[in-house]
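Hi everyone, thanks for coming. Let me put the structure up, and then I'll talk you through a few of its contacts.

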Amino acid sequence: MFDLQHRTVLVTGGSKGIGRGIASVFVRAGADVAIAARSAGDIDACVAALDGLGPGKVLGVVADVSDRAACDAMAATVVDAFGGLDVLCANAGIFPDAPLATMTPEQLNEIFAVNVNGTFFSVQACLDALIASGSGRVILTSSITGPITGFPGWSHYGATKAAQLGFMRTAAIELAKHKVTVNAVLPGNIMSEGMVEMGEEYINGMARSIPMGALGEPEDIGYLAAFLASREAGYLTGQAIAVDGGQVLPESLEAVGG
């Protein structure tokens, strides 16, 4: 099976939720892992929890991916600490609720700044190091919401997640000559701090719509990311893979006995 020891990984939005799950899988697989987020306190707590779970190093970096200069500084810090960068997990994202009828320009700009601009800026900042790796990997955290499904209040969120896939396909073509692959993971409903905030009624309702009968765990996204980061996945690029327990498959709740 594939080996991630001696691989260097940066996970943006890595201090909580899906990002923390991704980081934990890479740490346990033996990689050196840098976790980037906006809150120093959250980063410190995450690094403390993950440090020692594997043989590699765990590094925390404060960065706002909506700021290109901050992304450049983030990438430089990681390369200096690890001597290079093999894998970028562009996971940072926000998902505020905003009905279309009352959505403000400020709300629209905010979510695009983080989810879309942040993806571009993170990849651009890490590009030289990923090319120098000789087997660079870019793994985007998109969503089933937008590319496949929709949900009231998240039209702006869904638009950003679909935009990431548009970016992915052309970036994959441009970077293929450098042996850098670009793929995306499309999480379904995953148990995280953000999901808990949605409330028990929402969680139970979503579980009833999933053929496997339960929400996923953050590590479920990490397992796919780890495969996509491996050398064995080097011929796989420009692909979007849903990790959702089959949520997008049923035509209705009746199809899963709901």
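This is a predicted model: local features need pLDDT of at least 70, side-chain atom pairs count only at pLDDT 80 or more; totals for chains, interfaces and linings use all residues.

Residues are numbered from 1 along each chain as its sequence is written, and side-chain values use heavy atoms, with hydrogens and water left out.

So, how many salt bridges are there? The count comes to three, taking a salt bridge as a side-chain nitrogen of Lys or Arg within 4 Å of a carboxyl oxygen of Asp or Glu.

Take Asp86 and Arg7, whose side chains pair up at 3.7 Å, N to O. Asp86 sits in the loop between helix H3 and strand S4, and Arg7 in the segment before strand S1, so this pair ties together parts 79 residues apart in sequence. (Helices are DSSP runs of H or I, at least four residues, and strands are runs of E, at least two, numbered from the N terminus.) Both Asp86 and Arg7 are buried, meaning under 20% relative accessible area with a 1.4 Å probe, protein chains only; exposed is over 50%, and partly exposed is in between.

Next, Lys16 bridges to Asp42, with the closest N and O atoms 3.5 Å apart. Lys16 counts as partly exposed, at 43% relative accessibility.

Then there's Arg68 with Asp72, at 2.9 Å between the closest N and O atoms. They're four residues apart in helix H3, so about one helical turn separates them.

Last, the helices: in H1, residues including Gly17 and Phe26 meet residues of H8, among them Pro218 and Ala229, where contact means heavy atoms within 4.5 Å.
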